[in-house]
Amino acid sequence: MEEADDYAARRVGEADTHAERTLRQARVDSERRLREVDEYGARVRSEADEYARITQAEAQDYARRTQAQADADAELTRRQADVEAEQLIQEAMDHRTAVLRELVRRRDLASAQIRSLMAGRDLVVEALGQVGALVAGVTEGLHEIGTTPSDFVQLDPAVEGVNPEPNAVVAVTRPGKSANRPRTSAPALAETAAVAAAG
């Protein structure tokens, strides 16, 4: 029994000794690992800071170059826009001038047509006045026609010896009819009808 206790005591002592050695070794390893981690972290931070500095410098340089290029492009675009705007304005002015010239030409043409129409209207009014007078004369002549055969209108102008103008209407009365008003002769009526047809 004592041997067992001694063996157990030895095993416990060995275990404690081993545990102490392991604990010390673990502490040493832990401290070494911590130092390595700290050194690695410092190195990484230093590298990261250097990379950030370089990247920031490159970014600033790129930003300056991009800004300069953007300013140059903007200036070129502005100049092109100014040229195009001037061209558009000139084209608009040319188109406006052409439209105004066309309007003036059409206005002058319309004025000439209106003057021609007014002159034609005056001629038509004058012709209508003459036709009115002719109609009045013909109407007056119609009132003088009697109902006896000697007063009938002869429809064949050749019979009466009258050669009227084409499309002219000729009214001829035969002599021998007494009337209160003076009668119009066949040649006079023929001449009046020819004037009406020509008008």
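Q: What makes a stretch of this chain a helix, and how many helices does the chain have?
A: Helices (H or I, at least four residues) and strands (E, at least two) are DSSP runs, numbered from the N terminus. In this predicted model, the chain has three helices and zero strands, and along the sequence the pattern reads α-α-α. Residues are numbered from 1 along each chain as its sequence is written, local features need pLDDT of at least 70, side-chain atom pairs count only at pLDDT 80 or more, and totals for chains, interfaces and linings use all residues. Side-chain values use heavy atoms, with hydrogens and water left out.

Q: Why is V99 called partly exposed?
A: V99, which lies in helix α1 (residues 2-143), has a relative accessibility of 34%; because buried means under 20% relative accessible area, exposed over 50% and partly exposed in between (1.4 Å probe, protein chains only), V99 counts as partly exposed.

Q: Where in the chain is confidence lowest, and where is it highest?
A: In pLDDT, the predictor's confidence in each residue from 0 to 100, the lowest mean, 47, belongs to helix α3 (residues 186-198), whereas the highest, 87, belongs to α1. Over residues 170-199 the pLDDT is below 50, yet this stretch has 41 contacts in the model beyond near neighbours in sequence, a contact being heavy atoms within 4.5 Å. For the chain, the mean pLDDT is 77, and 69% of its residues reach 70 or more.

Q: How many of the residues count as buried?
A: Of the 199 residues of the chain, 7% count as buried.
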